[in-house]
Amino acid sequence: MKGLVTKNTGSWYIVCTEAGESIPCKIKGNFRLKGIRSTNPVSVGDLVDIELNTDHTAFITRIHERKNYIIRRSSNLSKESHIIAANIDQALLIISINSPSTSTTFIDRFLATAEAYRIPVSIVINKCDSFTEEDKEYAQALCYLYRTIGYECRCISATTGEGFDFVTETIKDKITLLSGNSGVGKSTIISRILPGIDIKIGAVSTSHHKGMHTTTFSEMYPLPQGGYIIDTPGIKGFGTIDFDPNEVAHYFPEIFEISQHCRFNNCTHRHEPGCAVLKALENHEISESRYTSYLSIMSDSTEGKYREAF
């Protein structure tokens, strides 16, 4: 029997069959993904085959070939990966300017990983109803930066509904991953998209101005207008995994474009003579924050290092 994995509860998976039935499942056998060590070999969004048991549970016996997936370094085991979701059409990266503040390093690491797995991303800056004048200026600067690179970037308020049409129009008939730091308002966004759904709304720590986890496991929700949204637990840091240092620039579109003019084909854009990227950086043709993010991924080799900026 074939089905779609709609929820991961840690030890169990909920699989929706073609008949519309939701069945709790466990993994049968040892799943490996082309040698990738993963904390979760089966992911929300996977198409799987299942074998039914007499107690109305089932075993997952096969994972069908994935169209794509997005992955990050496991927060606890640096050598292992954590698959966030599979078979998605696009991602909405939810960020906030204050309470909590999303770092550009986090944004760029997510974008670079999405580029590596060919997943289109739009950036949604939530909580615009609480912006100070300084916040508005910073949000405008972020929108300008990322739109210039080629990413759609919008300011919305999930609380008041300001700008929310962008979200509802973007997700129609698509399988959309919602991701972002804890506390940026993903649960509030989902509650506005699906008003009848029971989603816990979390607070932001007053002492650290960081979000506190409300979503524990990934879950996929069907949309009345067509498509699905995938809610994921808020993440503090976004550790990249299995990036070839020679290919990191490929995942920064503006750096890759300029790198075609470097003197050396194997230029790392850090110290080489005749580096077009370093010249563009000096001339402010490349954002310093983006270049800093590029360097951070290039040196992403020690456990925990990627989390220091968050």
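**Exercises on helix packing and a cavity**

The model is predicted, so local features need pLDDT of at least 70 and side-chain atom pairs 80 or more, while totals for chains, interfaces and linings use all residues. Residues are numbered from 1 along each chain as its sequence is written, and side-chain values use heavy atoms, without hydrogens and water.

**Exercise 1.** Describe the packing of H1 with H2.

*Solution.* 
- Step 1: Locate the helices. H1 spans residues 104-116 and H2 spans residues 133-149; helices (H or I, at least four residues) and strands (E, at least two) are DSSP runs numbered from the N terminus.
- Step 2: State the geometry. The angle is about 25 degrees and the axes are 13 Å apart; axes are lines fitted to C-alpha atoms, for helices over the stretch in contact, with angles from 0 to 180 degrees between N-to-C directions.
- Step 3: List the contacts (heavy atoms within 4.5 Å). Thr104, Ile107, Asp108 and Leu111 of H1 meet Tyr138, Leu142 and Tyr146 of H2.
- Step 4: Sort these residues by class. Five are nonpolar, one is polar and one is charged; Ala, Val, Leu, Ile, Met, Phe, Trp, Tyr, Cys and Pro count as nonpolar, Asp, Glu, Lys and Arg as charged, and the others, Gly among them, as polar.

**Exercise 2.** Describe the packing of H1 with H7.

*Solution.* 
- Step 1: State the geometry. The axes of H1 and H7 (residues 288-298) come within 9 Å and cross at roughly 65 degrees.
- Step 2: Identify the partners. Thr104, Thr105, Asp108, Arg109, Leu111 and Ala112 in H1 meet Ser289, Arg290, Ser293, Ser296 and Ile297 in H7.
- Step 3: Sort the contact residues. Three are nonpolar, five polar and three charged.

**Exercise 3.** Which residues line the largest cavity, and which strand gives the most to the lining?

*Solution.* 
- Step 1: Apply the rule. On a 1 Å grid over the protein atoms alone, a cavity is a set of points where a 1.4 Å probe fits but cannot get out, and lining residues have an atom within 4 Å of a point.
- Step 2: Name the lining: Asn8, Asn40, Ser43, Val44, His82, Ile83, Ile84 and Ser218.
- Step 3: Find the strand. Strand S7 (residues 81-86) gives the most, with three residues.
- Step 4: Sort the lining. Three residues are nonpolar, five are polar and none is charged.

Notes: On a 1 Å grid over the protein atoms alone, a cavity is a set of points where a 1.4 Å probe fits but cannot get out, and a pocket is an open set with protein on both sides within 12 Å along at least five of seven lines; lining residues have an atom within 4 Å of a point.
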